[in-house]
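Visitor: I am new to this structure and would like to learn how to read it. Could you guide me through a few features?

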Amino acid sequence: MRINRRLRLLASGSIVVVTAIAIGRLVVRAQSHANLQAGATQTASSEASDTGGPILLVDVIEVRKVSVQQTNGLIGQVEPYRTATVAAEVADRIVSRPIQRGDRVVQGGLLVSLTAETAQTGVLQATHLLDQATAARRQAETDYPRTVIETDANRQQASAQVAQALADQDRAKAQVVQAAAGERRTLTLTRQQEQHQAEDALAQTRAEERLAKIQRDRQVYLVREGAAARDALDRAQATFDTAVARRQSAEQAVSLAKEGARQEDRDSAGALLTAAQAHAASAAHQVEQARAALRFADTGDTRLAAARRQIEGLRAQEKQAVDGVRQAQITLTKHSVRAPFNGRVLTTMADVGDMLNPGAPLALIGEIARVKATFAVPELSRSALRLNQPVMITVDALPNHHFRGRISALTYQADAKTRSFPIEVTVANPEEALLPNMVARLNLPVGGAAQRLLIPASAVLGDSSGGGLCVFVLEKGRARRQEVRLGTPYADYVEVTAGLTGGEQIAAAPQRLSDGVAVRLNATDNGSLARRPR
């Protein structure tokens, strides 16, 4: 019929959301077309009008204005919330690929394994170098405190040796002077006074011998206990031997002083002087040796500084070895390619046995537990949008489902060609009902709500004689044909722009009516029952 063709043409216009409650008030009762035909046929056969014609039982609709909101219907596309093309980072061959297209993956899950023998060997070598560097650094750090202690001990010992050598030198000089005086006394005969002096010298040398013996015994004890060096004992023994020799010489001097000078005494005095002079020379040499040892001990600070520099160098080598191990482990890790986040395998791009280069793509991973739908919003609707605004979308593949989302991205510059603003709507999708590349639809309001005179599209007839569109107004028990002009369709309803003003009662299913036919309203409705359209 022409009405159906015209309604199809009107349906290609803007989509309008009608307030369900308001539209429900339009309908007193709407039955299906088939039921209405059956009821009308039965009624026509059972009743007759006053003129002898049939009286038709009809359902009635009261025409009223309702508030409607005009919307823009946008078409977009469902996309994964995020995608990642997983690629190889090293050049090697694929040995396993446990995932297939469409598989679910979790973050960190294995996607592809590459041959890793060379990388494993590199880790072992780097670990061995690290162990060696760590051992060398620890040994150097352990040796350093001992070196510090030894350096201090050597410095103190060298200082003591210098002091001891100087003291020995002074005594040796005194002995030379004493031996020279003894020789002179021997040569000039010994007097009573010289005898007393010789006895005093003997007493002094005995005291020195006792003191030297005490020093020697102390050094013997210290060397036995490991608290002193052997050369200190040697010096103490030499000092003791010297003291014994001086004591013996002093005894001889006393004896000679008592007996008088003889040739052998003169020879002995000369020998004592020679020995004293030799001892003095030896003491001077020991002083030089002790001073050289002190100078060497004073270079300990330089050796300590060198040891500290060595430790710092070993620490740097250890750090470099640690970095080498870390780098080798990273290289080994790159031979196991893992998922960057939870999602689905959308595409696989390589298979077992393929030889890869760095950067070669392996798989495309997409997160679809939440998705985003992209739309192009016209200028008229852009100003009413805001971030995180809740919206409802539908998809053609699931016509009876609505999905709640929120606006997650708004642009602030229109496309130069279409003058529209791209937006993104994020939708939770735990059951993965929404899949990538599905067609999505979004209705956005345009302007404010307006009052429109709406009637069901099923209440409109097309005149077969070419008279136009019409409805049947029910008044005074008769059906009157009324031509109408229609406007915008609203789902199962259509706007009336001329022919009706509101408040009229019209037939819900006028297909069997004609102008002037007798009618009776359905008594069960009484014009008060309302049914909300689906």
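Guide: We will look at the chain as a whole, then at a sheet, then at the cores. Please keep in mind that this is a predicted model.

Visitor: How many helices and strands are there in the protein chain?

Guide: The protein chain has nine helices and 22 strands. Of its 534 residues, 38% count as buried.

Visitor: How do I read a sheet, and in which order do the strands β5, β7 and β8 come?

Guide: In general, strands of a sheet pair through backbone hydrogen bonds, either parallel or antiparallel. Here three strands form an open sheet in the order β5-β7-β8, with antiparallel pairing. Its edge strands, β5 (94–96) and β8 (336–338), each pair on one side only. On average, neighbouring strands of this sheet are turned by 35° against each other, direction ignored. Two bridges link β5 to β7 (residues 110–114), and S96 has S113 in β7 as its bridge partner.

Visitor: Now the inside: which residues of the largest nonpolar core touch the most other members?

Guide: The general idea is that in soluble globular proteins, nonpolar side chains tend to be buried together. In this structure the largest nonpolar core has 22 residues, and F375, I393, I423, V425, L434 and L442 touch the most other members. The largest share, five residues, comes from β10. Another core, of 20 residues, lies apart from it and includes I94, V105, V112 and V337.

Visitor: What is I393 in contact with, leaving aside its neighbours within four places in sequence?

Guide: Its contacts include A373, F375, H401, V425, L434 and L442.

How values were computed:
Residues numbered from 1 in each chain as written. Predicted model: local features only at pLDDT ≥ 70, side-chain atom pairs only at ≥ 80, totals over all residues. Heavy atoms only, no water. Pairing = 2+ DSSP bridges. Helix = DSSP H or I, 4+ residues; strand = E, 2+ residues; numbered from the N terminus. Axes fitted to C-alpha atoms, helices over the stretch in contact; angles between N-to-C directions. Buried < 20%, exposed > 50% of the residue type's maximum accessible area, 1.4 Å probe, protein only. Core = buried A, V, L, I, M, F, W, Y, C linked by side-chain atoms within 4.5 Å. Contact = heavy atoms within 4.5 Å.
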